[in-house]
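I opened my notebook and wrote down what I looked up in this structure, one topic at a time.

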Amino acid sequence: HPPSSAPIPNAMAGGWSVPGRWHWGEHALVFMGAGLMLLKTLLMVLGLQLLRYSARLSGARGSKFKAAGFLLAMIIGPLTEVTAYAFAPQSLLAPINGFDVIWNILLAPYTLGEVLNRSKIIGTVLVFAGSTLAPLFGPHY
């Protein structure tokens, strides 16, 4: 049958859908909140790494990296986090903050020249397991 021309319902009033395509229901907001929290962790790590990198540089070039790092880590990251909490419960989003460690271990060898060792990798795998399993199987209220 042809797609409905009915308007998309308000997400807060019972679900989000594209007429005639798919229906996410109330889960769309939870996924949006989780996605925003993951984005926040990436922005924070990138900002903090830019701040660290700026400490290695001098002059105007270092100041630009410092300003960009500050903007990401201290302004955009926290605003993204606050927005995420508007879409999903804290019990779901708080464990996702552990992805800071994961992003850092993945990016630091390339951005800061840090060396990975076995203990860092094992620790990161454990953090990943906790940050992934807690939201999946924990309470969602």
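Below are my entries, from the overall layout to a single residue.

**Ground rules.** I am working with a predicted model, where local features need pLDDT of at least 70, side-chain atom pairs count only at pLDDT 80 or more, and totals for chains, interfaces and linings use all residues. Residues are numbered from 1 along each chain as its sequence is written, and side-chain values use heavy atoms, with hydrogens and water left out.

**Layout.** I found five helices and two strands in the chain; helices (H or I, at least four residues) and strands (E, at least two) are DSSP runs, numbered from the N terminus. Starting at the N terminus, I read the order as β-β-α-α-α-α-α. Of the 141 residues, 26% count as buried (under 20% relative accessible area; exposed is over 50%, partly exposed in between, with a 1.4 Å probe and protein chains only).

**α1 with α2.** I checked how helix α1 (residues 27–56) packs on helix α2 (residues 59–85): the angle is about 160° and the axes are 7 Å apart. Axes are lines fitted to C-alpha atoms, for helices over the stretch in contact, and angles run from 0 to 180 degrees between N-to-C directions. So α1 and α2 are roughly antiparallel (angles over 145 degrees; under 35 is roughly parallel, 65 to 115 roughly perpendicular and the rest oblique). The residues of this contact split into 20 nonpolar, eight polar and four charged. Here nonpolar means Ala, Val, Leu, Ile, Met, Phe, Trp, Tyr, Cys and Pro, charged means Asp, Glu, Lys and Arg, and the others, Gly among them, are polar.

**α1 with α4.** Next I looked at α1 and helix α4 (residues 99–111), which pack at about 40° with their axes 9 Å apart. That makes α1 and α4 oblique to each other, therefore.

**The largest pocket.** I noted about 320 Å³ of space in the largest pocket. A pocket is an open set of points on a 1 Å grid over the protein atoms alone, where a 1.4 Å probe fits, with protein on both sides within 12 Å along at least five of seven lines; lining residues have an atom within 4 Å of a point. The volume is the space filled by probe spheres set on the points, which are joined across faces, edges and corners. Among the 13 lining residues, Phe31, Ala34, Leu92, Pro135 and Leu136 are closest to the centre of the largest pocket. Its lining has ten nonpolar, three polar and no charged residues. Both α1 and α5 (118–137) supply at least two residues of that lining.

**Alanine 134.** Where is alanine 134? I found alanine 134 in helix α5. Alanine 134 counts as partly exposed because its relative accessibility is 32%.
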